[in-house]
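Hi,

Please have a look at the model below. My notes follow it.

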Amino acid sequence: MNTDLGSILLLQVQSIEGSIVVDDSSNIQLNSVSQQLLLSIAEQMKMPLLQISRQAEIGSMGLTSDFTNIQTLAENALSLIDGYSLGLQLNRKLSYELESESVSVSSILYDADQQLKALARLYNVQLELNIGGKYGPVLAHKKGLLAAIIGLASAIIEALPSQPDETQKTLSLATHRCRYGIVAGVYANIPGISSDALKRGRKLYGFSRQPLVEISHTSGAGIFVADSILKAMKLNLHVSRHRRMYGLGVVLQPSSQLTMV
Amino acid sequence: MTKKILLIEPDNVLADIYRNGLSSMGLNVISAYNAQQAIILADDESPDLVICELQLVDHSGVEFLYEFRSYADWLKIPIIILSIVPPYEFSCSQIGLKRELGVESYLYKPQTNLHRLLEVVGSTLNS
């Protein structure tokens, strides 16, 4: 692989960052939520590009470089960008295809599990799927819900190895019923995940490089992309717990009409 | 004798890559993913050089460096910052980083390839 490729990609991200308006006092002026999200994505994208660039350099030095890892990192970065643009489309209702439909939460979590396996392996995270129990269909935008779950899970997978706890890191994609509806979420042993941390992160993202300092060493863009997609679907991301694990989830309303059918 | 490097890098994919590169120079690399692990490893392994990211989970890297320098035994261990945070954000405190924390070099990750990192590590260890 040509090592220049990584450097070119990094320059692209730096130029996106440079295009954000900066005033005389060097304060970044962020006019809209989408610009804040764009800055968060630009910051986040540095990570996979750096990883790919350095991985390629290792290969050019004659040391072992794993092309499967490069593929996994690139695919994960692509799915984050896809999630971002889907969020924009959903928020602007740009397409007739973005209508809600009858969705099985279990099948969404199963698909997410399949897509996240390689990333979890790369980060030495054990991925679990907890979709036991019969829950009826819910009304949601299928692609949007899948992109939100993948964004959340990717952000947490990347954050897990840096957590102080020494035990094997596990991420669980799980669903359970609560009194408000059916919860779909991602759970791990990160005690830093709290409502306060999420609230603070929402205020800081786009302004701070590391808005979720208790959770992640990155900009945590996956979490904010999920937030934006869910908001477009009139849903909210909450801090949630599942079997002694901390996590982020969304409460979905079962459709009684669809259940009867 | 093989020199020992303490690498504090929260991203384990990048940590593996840097570890590979530095090991190819014949260095013994020990990795910490967070500040707490770094203090324990520094205590156990007595490194000859520390390479540190500033964006750590639950800690600012600068906060960690102040704590690190508060131990008399570690006052003279050279520190290289290898960070995703651009150096212009520290333009006001560059002197502080050098004088108070004894930071030898500040390397911005997107503009520092492995070759450059190995060069800086080599010259720091030899000086």
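Domain bounds here come from an automatic or database domain assignment. On that basis, chain A splits into domain 1 (3-92) and domain 2 (101-260).

Some housekeeping. This is a predicted model: local features need pLDDT of at least 70, side-chain atom pairs count only at pLDDT 80 or more, and totals for chains, interfaces and linings use all residues. Residues are numbered from 1 along each chain as its sequence is written, while chains are lettered from A and ligands numbered from 1 in the order in which they are written.

**Domain 1 against domain 2**

Two residues are in contact if their C-beta atoms, placed from the backbone, lie within 7 Å. The contact between the domains of chain A takes 21 residues from domain 1 and 23 residues from domain 2. On the domain 1 side, H2 and H3 of chain A are the elements that give two or more residues. Helices (H or I, at least four residues) are DSSP runs, numbered from the N terminus. H3(A) gives the most to that side, with twelve residues. By class, the domain 1 side has nine nonpolar, ten polar and two charged residues. Ala, Val, Leu, Ile, Met, Phe, Trp, Tyr, Cys and Pro count as nonpolar, Asp, Glu, Lys and Arg as charged, and the others, Gly among them, as polar.

**The core**

A nonpolar core is a set of buried Ala, Val, Leu, Ile, Met, Phe, Trp, Tyr and Cys residues joined through C-beta atoms within 7 Å. Buried means that 20 or more other C-beta atoms lie within 10 Å of a residue's own. The largest nonpolar core has 110 residues. Among the members that touch the most others are A:Ile149, A:Ala153 and A:Leu171. Both domains of chain A give residues to this core, so it lies between them. A:Ala153 touches A:Ala112, A:Leu116, A:Leu171, A:Leu173 and A:Val186, not counting residues up to four places away in sequence.

**H2 on H3**

H2 (residues 33-60) and H3 (residues 67-92) of chain A pack at about 170°, with axes 9 Å apart. Axes are lines fitted to C-alpha atoms over the stretch in contact, and angles run from 0 to 180 degrees between N-to-C directions. That makes the pair roughly antiparallel (over 145 degrees). Their contact has twelve nonpolar, six polar and no charged residues.

**Chain A against chain B**

Here 27 residues of chain A are in contact with 22 residues of chain B. H2(A) gives the most to the chain A side, with eight residues.

Best wishes

Conventions: Angles under 35 degrees count as roughly parallel, over 145 as roughly antiparallel, 65 to 115 as roughly perpendicular and the rest as oblique. A residue is buried if 20 or more other C-beta atoms lie within 10 Å of its own, exposed if 12 or fewer, and partly exposed in between; C-beta atoms are placed from the backbone.
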